Amino acid sequence: MLSDIAIAQAATLTPIVNIASKLGLVADDVHAYGQHMAKLTQATVNRLQAQPAKAKLILVTAINPTPAGEGKTTTTIGLTDALNQAGYQAMACLREPSLGPVFGMKGGATGGGYAQVVPMENINLHFTGDFHAISAANNLLAALVDNHIYQGNALQFDTVSWRRCIDMNDRALRRLTLENNTHTGFDITVASEVMAIFCLATDLADLTSRLGRIQVGLSAAGSPILASDLQAEGAMAALLKDAFQPNLVQTLEGSPALVHGGPFANIAHGCNSLVATKTALRLADYVVTEAGFGADLGAEKFMDIKCRQSGLRPDVAVIVATVRALKYHGGVDVADLNRENLAALQVGVANLRKHVTNLRQHFNLPVVVALNHFTADTEAEIALVQAAVQALGASLHVCHHWAQGGAGAIALAHAVADQAQQASTPSLLYADDLSLTEKLDTIAQKLYGASGVTFSVLAQQQLARLAEVSQGLPVCVAKTQYSFSCDPKLRNVPADHVLHVRELRLSRGAGFVVAICGDVMTMPGLPKQPASSRISVDADGRIQGLS
């Protein structure tokens, strides 16, 4: 079969104005970036936001990711195409890819096979410049802080907590000392508070207000110093004004897709922008969105951060799994995953069972399981997973969208559409009025299966300082995506582990507290063999090797 990029480059794309017309939009509603990408104008977004939502919201999540691959974004796109093939009006809401993974370990984030959003090269690389704008706004604030101190320090900065960002994996930038002996560092852009604000703001006024509430440091008297104290929020919003408009693209089958915002789910809240989701809910009958990594991270944050702040509630959740990944959780090495191993699969299916149970018990969400098919899967293996899911009272559908596009996920589409029509009352995991410690205990014990939570000496000090200001704020847990625990080596459903909180960061403008756990880094490094080594440009200007 052709590579992802070869499939994408061979496709005949529909002009983006025609994609917009499928949604009832006209040429004046979009600002085109070439023939096949556009932004919805701010006036269009404002007009749509004033209308009532009409769509069912479908949340796609997954088991804990493995080197075997699960295909969550591919399934999100395949399901969208399948819904449209089945006669429903559907569109996708996705996050924008980060250059860090594109050139690092993971590669691109536009789906795969015949379930992709296109033009994949543009989307995976600079796209419409949104991430550059977010980085610029973040770093403008850092420059304003340094300049204020240089110009006399009228606000009496004692400590500076604001960090710089760049949309690239570069471990050398994690810790820096500036000329004035200020200690700082870079986070990857997708982990920045500006990215979180961008994705959670409801409109430009809310965006500006949230930017102003960013805490950049403490004064000598111990008082918080905010971005608004530096009169920074107006200029930051000006840098973000155009980026804040959702990006419209298409799937290989011509389904509309809004691709906007891109926080990671392991170190940030892992959901596309709220403005894109709310806009989509007024343009289609079914909106398919995804939350990053496993359901313990992305889906939890979708519910406890995005839904908590916005009032949104999904009508149904789809959990993506593969036979290969479940065998990996059962202890099989990557090299042996294509061999039938029912014993390992019987063990590894516990990971899927835990995620299904979490979403149903703790969030009261209806769940449908999508088994993303690989050619090496055997009938006995598929039957084992099917039986395990049926024993939970959920349905499982084997999907072939990677090879067949939407036609390979028709059964899943009908099941999801039917389930979305049923009444449901999704709930959140914890109440607003719990303490920060109680919220972390609830997440760790109920979702992760941990025995409890421990705090480093630094985190204990920060916990005391944040006791009052964190009241009413949700928690964004930053931990490894590979395990329910904070140890990436513990596969499947580990027992007798603790969630160790290394550091706490207040994201006052975003409206949550980040708990950094285990060894997770907010500035990742590149692997020994980065994906960038496979990427090139031929004599005709066509990109090769991007996946």
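The structure is a predicted model. Ser98 sits in the loop between β4 (90-94) and α5 (99-103), and the structure holds 2 aromatic pairs.

**Ser98 and its surroundings**

- Ser98 has a relative accessible area of 4% and is therefore buried, the cut-off being under 20%.
- The side chain of Ser98 makes a polar contact with the side chain of Asp167 at 2.7 Å, and a polar atom of the Ser98 side chain also lies 3.2 Å from the backbone nitrogen of Gly100.
- When neighbours within four places in sequence are left aside, the residues in contact with Ser98 are Phe131, Asp167, Ile188, Val190 and Phe264.

**Aromatic pairs**

- Tyr88 and Tyr286 form an edge-to-face pair, with 5.3 Å from centre to centre and 75 degrees between the planes.
- Because Tyr88 lies in the loop between α4 (72-85) and β4 while Tyr286 belongs to strand β16 (residues 286-290), this pair ties together parts that are 198 residues apart in sequence.
- Tyr88 counts as partly exposed at 23% relative accessibility, whereas Tyr286 counts as buried at 5%.
- Phe198 and Phe244 have ring centres 5.9 Å apart and planes at 85 degrees, so this pair is edge-to-face.
- Phe198 in helix α8 (residues 193-200) is linked in this way to Phe244 in the loop between α10 (233-240) and β14 (247-251), 46 residues apart.
- Phe198 is buried at 0% relative accessibility, and Phe244 is buried with a relative accessible area of 1%.

**Charges over rings**

- Arg491 lies over the face of Tyr328, at 3.7 Å from the ring centre, and Lys479 lies over the face of Tyr448, at 4.9 Å from the ring centre.

Key: Residues numbered from 1 in each chain as written. Predicted model: local features only at pLDDT ≥ 70, side-chain atom pairs only at ≥ 80, totals over all residues. Heavy atoms only, no water. Helix = DSSP H or I, 4+ residues; strand = E, 2+ residues; numbered from the N terminus. Buried < 20%, exposed > 50% of the residue type's maximum accessible area, 1.4 Å probe, protein only. Polar contact = N/O pair within 3.5 Å; in protein donor to acceptor, adjacent residues only side chain to side chain. Contact = heavy atoms within 4.5 Å. Phe/Tyr/Trp six-rings, centres within 6.5 Å; stacked < 30°, edge-to-face > 60°. Lys NZ or Arg CZ within 6 Å of the ring centre and 35° of its normal.
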